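Hello,

Please find the structure below. My notes on its sheet and pockets follow.

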Amino acid sequence: FLSACKTNFVTLQDAWDRSDISSLRAMMTDDMLDQIKSQLAERESHTGGVVNNTDVLRIDAQLLGIEELEDVYMASVEFSGMIREDASAGPSPFREVWNMTKKRNGAGGWLVAGVQALQ
């Protein structure tokens with residue numbers, strides 16, 4: 001599970017960098033996608049549409065817990081590591097918690113439902 005989470009983190013970061021809404025849609029809940037679309041629009045207005053390029057240099061993942069809710073399972077995963085968001089800058093540490101949901105009826109995979117930066 002955590003290995004798949006790490007792969008999804010890198011894939012989602014790449015889709016974010018490229019503003020690839022269709023890839024983001026496949027990995028997120030509708031509410032999360034709406035938030036990301038707003039953030040991408042804001043980023044584009046500040047950068048003039050320049051493509052972001054984030055290198056994930058190191059990534060660790062820790063499962064914080066899984067809950068059974070009314071119609072979904074919710075897993076919380078803490079990601080940490082080192083990323084470089086500017087080729088001319090050094091790497092920076094990051095720490096985030098992702099909340100992911102999966103329908104209890106088994107249809108579909110885990111979708112990102114929320115992201116909280118911890119530093």
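What volume does the largest pocket have? It has about 450 Å³. The model is predicted: local features need pLDDT of at least 70, side-chain atom pairs pLDDT 80 or more, while totals for chains, interfaces and linings use all residues. Numbering starts from 1 along each chain as its sequence is written, and side-chain values use heavy atoms, without hydrogens or water.

A pocket here is an open set of points on a 1 Å grid over the protein atoms alone, where a 1.4 Å probe fits, with protein on both sides within 12 Å along at least five of seven lines; lining residues have an atom within 4 Å of a point. Volume is the space filled by probe spheres set on the points, which are joined across faces, edges and corners.

The largest pocket has 22 lining residues; Gln13, Trp16, Gln39, Glu96 and Val115 lie nearest its centre. α1, α3 (30-47), β3 and β4 each give two or more residues to this lining. Helices are DSSP runs of H or I, at least four residues; strands are runs of E, at least two; both are numbered from the N terminus. β4 gives the most, 5 residues.

The second largest pocket holds about 180 Å³. Its lining includes Trp16, Gln39, Arg43 and Glu85. α3 supplies the largest share, 4 residues.

Now the sheet. It is open, with 4 strands in the order β1-β2-β3-β4 and antiparallel pairing (at least two DSSP bridges between two strands). β1 (55-68) and β4 (111-117) are the edges, each with a single partner strand, so one side of each lacks a neighbour in the sheet.

Best wishes
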